[in-house]
Amino acid sequence: MSLICITGGRIVDPTSECDEIGDVWIQDGRIAEAPEGNPQAERIDATGCVVMAGAIDIHTHVVGANVAAARLLLPERYSEIETPPEHWTGAPFDLTTTGALYAEMGFTVVVEPAVAPVDAAATHAELELIPYVDRAALSVVGNDDVLLGLLRDKASEDTVADYVGWLLTTSRAIGAKTINPGGVAALKENIRSFELDDTIPEYGVSSRQISAAMRKALSRLGVPHPLHLHTHNLGLPGSVETAVATIEAAEGEPLHLAHLQFYAYGTEGGFGMSSGAVRLAEQLSRHKNVTADVGQVMFGPTCTISSDTMTQFNARRWASPKKWGIRDGDANGGGMVPYHYKAGNKIAALQWAIGLELFLAIDDPAQVYMTTDHPNGGPFTSYPDLIAQLMDRSARQAVMDQLPKEALEVSALASMTREYSLRDIAVMTRQAPARLLGLTDRGHLRPGAVADVSVYRESPDKAAMFRRATHVTKDGTFIVRNGQLAAPRYGRTLSVAPNYDKAIVPHVGEAYDRRWGLPPETFNVPETLMRNSSPFEVVACRS
Amino acid sequence: MTIFDPKNSTARHGIEKCAILLGQSRAPIIVVNRVDLAGAAAAVTLARQAGAVLDHTAETGLAPAQEQGTLGTVPGEAHVRADLVIIAGPVTDRLAEDTAFRRLASPSSSRTVIRIGNAEISEELFASAESFTLGGQGLSEQLGILSAIAQGRPVNLADNLAGEAKRFFAEKLSNAKYGVFVFAPDAIDPLAQFAMMSLANTLSAETRWTVLPLGRPRGQAELIRMSQALSGLPPPLSFAGVRPVHDRLVYRAPDLIRRGEADAILWVSACEEMLPDWIDDLPLAAVTARPDAIPSATTQISIGKPGIDHAGLSEDDVTGFATADAQTSAVTKDSAAQILGAITDQLVASQTGAAA
């Protein structure tokens, strides 16, 4: 029996309304009640430290065909590889570095949000090689021929649910993401923009119908994570109208909106773009069924990576450097467009301000999730700076002082005085993400939880505080001790296995045979072909 | 640590000799061809441990995509949607045998197939494909002519393109709903690839055009992807320093050998392949699916082929993605991943012993 006591720290666990000095006990990989007596235990002195559950990143593009293509597209950025990884050049990190950087910041679960089902096997082979953290993936559904064919043929909701259940199970996903529903399929027919009620010519199906079908399918299957929706018109001035319409179209059903910042754009102001963040915050306060991650822009070079090929195809004109990789795929494909968010650029400056506005204007931190949509808005390594800007008004003012005035004139950020508390941070990065993903034993420090614990030295410099945890345990084992990273160890890949009617398999088989001449088993992710033994853990669906 | 027990004593002895070769080398090169994802990952781990340069001989065709980007597609999507396919450049044996190419290059009532740039092709297979001689000195120049036609620019065609053909191309290029340039990346020069990509971009202003390299060596994609995932870098790359370094001009195996910057080679291939002549120039150990593949090798270890002799995740010709290949042979052979993992373990043991 292993027994650890993290003693004397400030425990911040909103799930038990705890914000007080105390001890956290870990026994055999789980959080435990304080034992009776004075048993032999390894004691970690956390005096002057904040103790939280391990953080969870619900939306970070760290593996997959698109990430691989982005690496290939930017060889010139590797000339800077001798610089520390924190000095982001926009070229994606390798898997070990990814895990290490997350662990050092106190993260213990990361979710790759866009896995093409046809690429699931290779993606999982990469995902399992990210050390230190548990991983999960969302499968991309919504522009694929099978689903669109079912909707065109007016298949029953049960049949659609069976297909989605089969897809999530075979691709070992924790949930489903729909990306520019209908728009990506329409691009293949040379349609360059797509609205909520536009229909794909080949199928006669609209975006609204696709999203509704996916929401209902996930609900029928009992998948904890609601539909993870990347709606259309990403990044365009006026996209706030799309976001509002998308929220209302959910009709009160659970929905998660991805990287909301990229949809919080109005059309006012001198350069035709303004903040719609406050309006969207009001929408979320009225629609508690909707959650959102922000996709915060942080200044610097990056390579945008998205399976929204329509947006990426249209974004080629802004590529910096002037090159791109756009790949039509079976279903979504992918688009890689390098970009540089420059603080002196009024559009990039406004994007940064809009993201912070969303964080600060959405009252409930359980409705908004900290993401940069890594690497699209910036690298995940900028989270500590983002936390500092949320917790400390002067930190964001220091950035605002560097920005073009025109950008701030069409944003409400300068008037916002709210500062996040440690509790808010714990809700946003621990409690709420765990609940969203259905991880009942993560995101909190109550007895029985997986012992994923992060310890930070409390400091007025919040960026420094959250950049390097002093201690981090994963399953009760130290992956960071006294600020030093331990040798890599490998966690699990979390996925759901919903019940579905196996009668759907022959239908899928016919469709796959028509398209590829291959059986659907070709796309399975066999556990026997993974490098680590038993890398998968099933997350329970609701009955 | 799990100790891998190879299937025969020859392999056991070979593993030790490979580790010695790499351990004693000051500047080893590990050349990897056509392995599955696990084999690719094991090769990266071994290269890191050995401080070696990791290259693969099939990188031809990467540079234009890296420098210019691509508007690409996948074989399945092209097969379903393409109404105009232009086969650009020679049809190599590998391209002609490619399942996706054979599906795509067969004309149908809904698809026109055109050949340019000396795209010699079996008439028996693609009897109704239309072939045009565009003139010019090569494929890149012919693509330039097509670009001029597509954009309505004047072009001197008096000797090499009749007016009828010019009208044909102008109409076909701009009216295609989903046009695809298909080519074998190792059969055309980078300039032609640049020209093709530029033309696809130009045409995509109004309609949809993509490029689709086919007939690549199987396993190329896996190695590129896994070496990038594990190192952060595309191949070729060197693990000789504290951090891996990528430079496609510096770390190409044949160039390193020609310049005298390497002193040993570990050649890894899980499939049949053509062998370059430069591999005879240095001490060489071979881990291959053909036990007698390289006569000059000082050590040879036999491995199985993924999807035949053992299960693996390998690139599928039709989808373009790595999919699960079950073992089809009754006899299981050691995989590249197992042998390379064992060499790594042996190397670690010898390095640890030497340090002690």
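1. A word on terms before we start: a residue is called buried when its relative accessible area is under 20%, exposed when that area is over 50%, and partly exposed in between. Please also keep in mind that this is a predicted model. With a relative accessible area of 41%, A:Arg468 is therefore partly exposed.

2. Let's stay with A:Arg468, which forms a salt bridge with A:Glu104; their closest N and O atoms are 3.2 Å apart. A:Arg468 sits in the loop between helix H16 (462-467) and strand S22 (471-474) of chain A, while A:Glu104 belongs to helix H2 (residues 95-104) of chain A, so the pair ties together parts that are 364 residues apart in sequence.

3. Now to the place where the chains meet. Chain A brings 52 residues to the contact and chain B brings 54 residues. Together the two chains bury about 4300 Å², with 56% of that on carbon and sulfur atoms. There are 23 residue pairs in polar contact across the interface, both residues being at pLDDT 80 or more. On the side of chain A that touches chain B, helix H1 (65-73), helix H3 (120-127), strand S18 (324-327) and helix H17 (504-516) each supply at least two residues.

4. How many salt bridges are there between chain A and chain B? The count is 5. One of them pairs A:Glu202 with B:Arg81, the closest N and O atoms being 3.1 Å apart. A:Glu202 lies in the loop between strand S10 (199-200) and strand S11 (205-206) of chain A, and B:Arg81 in helix H4 (residues 75-81) of chain B, so this pair joins two chains. A:Glu202 is partly exposed at 32%, whereas B:Arg81 is buried at 14%. B:Glu77 also forms a salt bridge with A:Lys188, and here the closest N and O atoms are 3.4 Å apart.

5. Over all chains, the whole structure holds 36 salt bridges. Within chain A, the side chains of A:Arg279 and A:Glu241 meet in one, at 2.7 Å from N to O. A:Arg279 is in helix H9 (residues 277-286) and A:Glu241 in helix H8 (residues 239-249), so the pair ties together parts of chain A that are 38 residues apart in sequence. Both residues are partly exposed, A:Arg279 with a relative accessible area of 34% and A:Glu241 with 46%.

6. Is A:Ile504 buried or exposed? At 5% relative accessibility, A:Ile504 counts as buried. Leaving aside residues up to four places away in sequence, A:Ile504 touches A:Thr159, A:Asp162, A:Tyr163 and A:Trp166.

7. Helix H13 (residues 393-400) of chain A has A:Arg396, A:Val399 and A:Met400 as its buried residues. Viewed down the axis of H13(A), these buried residues fall within an arc of 100°, so they line one face of the helix. Their cover includes helix H11 (346-361), helix H12 (383-391) and helix H14 (405-409) of chain A.

8. Finally, chain B as a whole. Its secondary structure comes to 12 helices and 15 strands, and 56% of its 356 residues count as buried. Chain B exposes about 14200 Å², of which carbon and sulfur atoms supply 51%.

How values were computed. Residues numbered from 1 in each chain as written. Chains lettered and ligands numbered in written order. Predicted model: local features only at pLDDT ≥ 70, side-chain atom pairs only at ≥ 80, totals over all residues. Heavy atoms only, no water. Helix = DSSP H or I, 4+ residues; strand = E, 2+ residues; numbered from the N terminus. Buried < 20%, exposed > 50% of the residue type's maximum accessible area, 1.4 Å probe, protein only. Areas by Shrake-Rupley, 256 points an atom, 1.4 Å probe, with all protein chains shown as cover. Arc of directions from axis to C-beta. Contact = heavy atoms within 4.5 Å. Buried area = accessible area lost by both parts, 1.4 Å probe. Salt bridge = Lys/Arg side-chain N within 4 Å of Asp/Glu carboxyl O. Polar contact = N/O pair within 3.5 Å; in protein donor to acceptor, adjacent residues only side chain to side chain.
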